Every structure is written in C-alpha cells, then in structure tokens.
Amino acid sequence: DWTPYNSTCLDLIGWDSIPLTLGISFDFGGTYLYFAIPQAIYDAFIIAPSKGTYFNSNIRNAGYSYAKI
C-alpha cells in the first residue's frame with residue numbers, strides 16, 4: 001500500500017514486508033523501490049520528523065539496492 005505524505009521531497013511511501021521492499025515517490029517525479037530494507041529502518045523512517053533527512057542518512061547513503069520504476 002502507498003501512503004501519501006506531506007513532505008518537502010516525498011509524495012508517497014509504500015512498504016511490502018514480505019520482500020522487505022520500500023517504495024518512494026519523490027516530488028521531483030521519480031519513483032524508486034529500495035530492497036532488503038529492515039523493518040526497523042522502515043519503522044524509524046515513518047516516525048522520523050524529517051523524512052528527507054532520514055532517507056538520505058539511513059537509506060540512500062546506506063548502500064541498499066534500488067531500482068527506478
């Protein structure tokens with residue numbers, strides 16, 4: 001399921017717990033899937049006061065595999 005977020009850089013966030021896949025649709029128009037994201041990272045991302053800062057520090061720069069869709 002995709003959830004809308006009112007963020008300066010994110011439009012939608014989706015999560016699938018079985019393959020541990022995080023989907024993010026960005027304001028600039030790109031949508032990406034990030035693979036093998038631990039549940040704890042996703043949980044912290046959802047409650048982070050700044051989704052963009054958390055994403056940059058703990059997902060994008062952490063070396064997770066991803067694909068643009």
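The protein exposes about 4100 Å², and carbon and sulfur atoms supply 55% of that area. Accessible areas come from the Shrake-Rupley method with a 1.4 Å probe; for residues, only the protein chains shown count as cover. This is a predicted model, in which local features need pLDDT of at least 70 and side-chain atom pairs count only at pLDDT 80 or more, while totals for chains, interfaces and linings use all residues. Residues are numbered from 1 along each chain as its sequence is written, and side-chain values use heavy atoms, with hydrogens and water left out.

The protein has two helices and five strands. Helices (H or I, at least four residues) and strands (E, at least two) are DSSP runs, numbered from the N terminus. Read along the sequence, these elements follow the pattern β-β-β-β-α-α-β. The radius of gyration is 11 Å, close to the 11 Å that the globule rule gives for 69 residues, so the protein is as compact as a globular protein of that length. That radius is taken over C-alpha atoms, and the globule rule is 2.2 Å times the number of residues to the power 0.38. The C-alpha trace spans about 25 × 25 × 25 Å along its principal axes.

Of the 69 residues in the protein, 36% are buried. Buried means under 20% relative accessible area, exposed means over 50%, and partly exposed lies in between (1.4 Å probe, protein chains only). Among the contacts in the protein with a separation of 6 or more, 32% come from residues 24 or more positions apart. A contact means heavy atoms within 4.5 Å.

Two loop residues can now be examined. Leu20 is found in the loop between strand E2 (10–16) and strand E3 (21–26). With a relative accessible area of 30%, Leu20 is partly exposed. Leaving aside its neighbours within four places in sequence, Leu20 is in contact with Trp15, Tyr34, Phe35, Ala36, Ile37 and Gln39. Leu20 and Pro38 are 18 residues apart along the chain, and their C-alpha atoms are separated by 6.5 Å.

Ala36, one of the contacts of Leu20, lies in the loop between strand E4 (31–34) and helix H1 (39–47). Ala36 counts as exposed, at 52% relative accessibility.

The backbone angles of both residues can be read next. Most residues other than glycine have a negative phi. Phi of Leu20 is near 55°, a positive value in a residue other than glycine. Phi of Ala36 is near 60°, also a positive value in a residue other than glycine.
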